[in-house]
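Dear colleague,

Please find below the structure that I am handing over to you. My notes on it follow directly after.

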Amino acid sequence: MQAPALKDIYDARPRVYRALKRTPLLGHPLLAAETGLEIYVKHENHNPTGAFKVRGGLNLIGSLSADERRGVVTASTGNHGQSIALACQREGVPCTIVVPIGNNPEKNAAMRAFGAEVIEFGRDFDEARERVEQMQRERGLRYVHSANEPLLLAGVGTYALEIFEDLPTSDVILVPIGGGSGACGCSIVRSGIGSHAKIIGVQAARADAFTRSWKNGVRIVGDSAATFAEGMATRVTFDLTFDILRRELDDIVTLTEEELAEGVRLALRATHNLAEGAGASTIAAAAKLRDRLAGQKVVCVMSGGNIDRNTLRRVLGSALEQS
């Protein structure tokens, strides 16, 4: 695997923009007032699948060879799966997605609505991924890894191009990290165009294998990924994205489950947007780091809005109980 370059991200744009439009980068006065920051939100939750990953799926599936178009298989907790399912539907490619048992039911329904076969297996994403790798060998399908795919990273990176085109004077970009594709896209574009913006990753404290690996320089496997922010819920690091972020990422911050929940509530009251745990994590992190970020232009990537109703009830209910 070779990491994509800036040129690869520019080359991905025609395939990505056949199916979606640029997403807005907006300032929200209420959010600025609550955080005390000059803060902007990149609304990837406004994409057709409600998440940034659709960009990667469109680029990769749109680039498949004739032989690979016999069928693809992948593992997902939802947003990556929706990305691949939508792109496969557009390209007429059969698609199978393995999700953990008990996965977000609304994300499962969305994947099926895009025409994918959805199989539930394993206690978490990583066990689902191991099942996919077995299925790939059994069926001879094109296995689409959620992170170790240069074409995925190049497609995702198109949102970073939009950020720097709309706000070239950005000082800090906060990006959620699960597999790391979103942070990689930002890093590749930042370095490719010669920007001095800092890229800061955000993780759930209960799923911090990447954080501990990045800080210690030794890749570890976590015991669990027990966070409601399923977009961050992985116990491992991945070769391609970890190698890029080991060199390119400037810092990382972890959030408790309550801080993640407050991010969802903050997104609702200060931006009037519905964000899932991972998607709202960046504005929660900005609030947590407000003293350090003061006086800078801060961009928060709202990576997705696909929170299910039961989780949203719990998040809002905890706020009501405290008030």
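**Notes on the predicted model**

Thr-237 is located in the loop that joins α10 (209-216) to α11 (239-248). Please bear in mind throughout that this is a predicted model. With a relative accessibility of 10%, Thr-237 falls under the 20% limit and therefore counts as buried. Residues up to four places away in sequence being left out, Thr-237 touches Ala-209, Phe-210, Ser-213, Arg-219 and Phe-242. Its C-alpha atom is separated by 29 Å from that of Leu-266, a residue 29 places away along the chain.

Ser-224 also has its place in the loop between α10 and α11. This residue is partly exposed, because its relative accessible area is 40%. Apart from neighbours within four places in sequence, Ser-224 is in contact with Arg-206, Ala-207 and Arg-235. Between the C-alpha atoms of Ser-224 and Tyr-10 there are 37 Å, and 214 residues along the chain.

Does the length of helix α1 agree or disagree with what its residue count leads one to expect? Helix α1 covers residues 6-17, and at 1.5 Å a residue its 12 residues should span 16 Å; the end C-alpha atoms are 17 Å apart, which agrees. Within α1, the buried residues include Leu-6, Ile-9, Ala-12, Arg-13 and Val-16. These residues cover an arc of only 130° around the axis, so they lie on the same side of α1. On the face of α1 turned away from the buried side, Lys-7 and Pro-14 are exposed.

The buried residues of α1 pack against α3 (54-61), α7 (150-156), α8 (158-166) and α9 (181-193). For the pair α1 and α8, the axes come within 9 Å and cross at roughly 100°. This angle makes α1 roughly perpendicular to α8. On the α1 side the contact is made by Leu-6, Ile-9, Tyr-10, Ala-12, Arg-13, Val-16 and Tyr-17, and on the α8 side by Thr-158, Leu-161, Glu-162 and Glu-165.

How many of the residues of α3 are buried? Eight of its eight residues are, and α3 is thus described as mostly covered. They are Val-54, Arg-55, Gly-56, Gly-57, Leu-58, Asn-59, Leu-60 and Ile-61. Among the elements that cover them are α1, β3 (72-75), α4 (79-91), β6 (142-143), α7 and α8.

Helix α9 is mostly covered as well, with 10 of its 13 residues buried. The buried residues are Ser-181, Gly-182, Ala-183, Cys-184, Gly-185, Cys-186, Ser-187, Ile-188, Val-189 and Arg-190. They pack against α1, α7, α8, β7, β8 (198-204) and α11. At 1.5 Å a residue, the 13 residues of α9 should span 18 Å, and the end C-alpha atoms are 18 Å apart, which agrees. After α9 comes Gly-194, which has a positive phi near 80°.

Ile-177 is placed in the loop between β7 (172-176) and α9. Its relative accessibility is 0%, so Ile-177 counts as buried. Neighbours within four places in sequence aside, Ile-177 is in contact with Ala-183, Gly-201, Val-202, Gln-203, Phe-210, Met-232, Leu-245, Leu-249 and Ile-252.

Pro-29 belongs to helix α2 (residues 29-35). Its relative accessibility of 68% is over 50%, which means that Pro-29 counts as exposed. From Pro-29 to Tyr-40 the separation is 11 residues in sequence and 9.6 Å in space, C-alpha to C-alpha.

His-272 lies in the loop between α12 (257-271) and α13 (277-288). At 65% relative accessibility, His-272 counts as exposed. Its phi is near 55°, a positive value in a residue other than glycine.

With kind regards

How values were computed
Residues are numbered from 1 along each chain as its sequence is written. This is a predicted model: local features need pLDDT of at least 70, side-chain atom pairs count only at pLDDT 80 or more; totals for chains, interfaces and linings use all residues. Side-chain values use heavy atoms; hydrogens and water are left out. Helices (H or I, at least four residues) and strands (E, at least two) are DSSP runs, numbered from the N terminus. The expected span of a helix is 1.5 Å times one less than its number of residues. Buried means under 20% relative accessible area, exposed over 50%, partly exposed in between (1.4 Å probe, protein chains only). The arc is that of the directions from the helix axis to the C-beta atoms. Contact means heavy atoms within 4.5 Å. Axes are lines fitted to C-alpha atoms, for helices over the stretch in contact, and angles run from 0 to 180 degrees between N-to-C directions. Angles under 35 degrees count as roughly parallel, over 145 as roughly antiparallel, 65 to 115 as roughly perpendicular and the rest as oblique.
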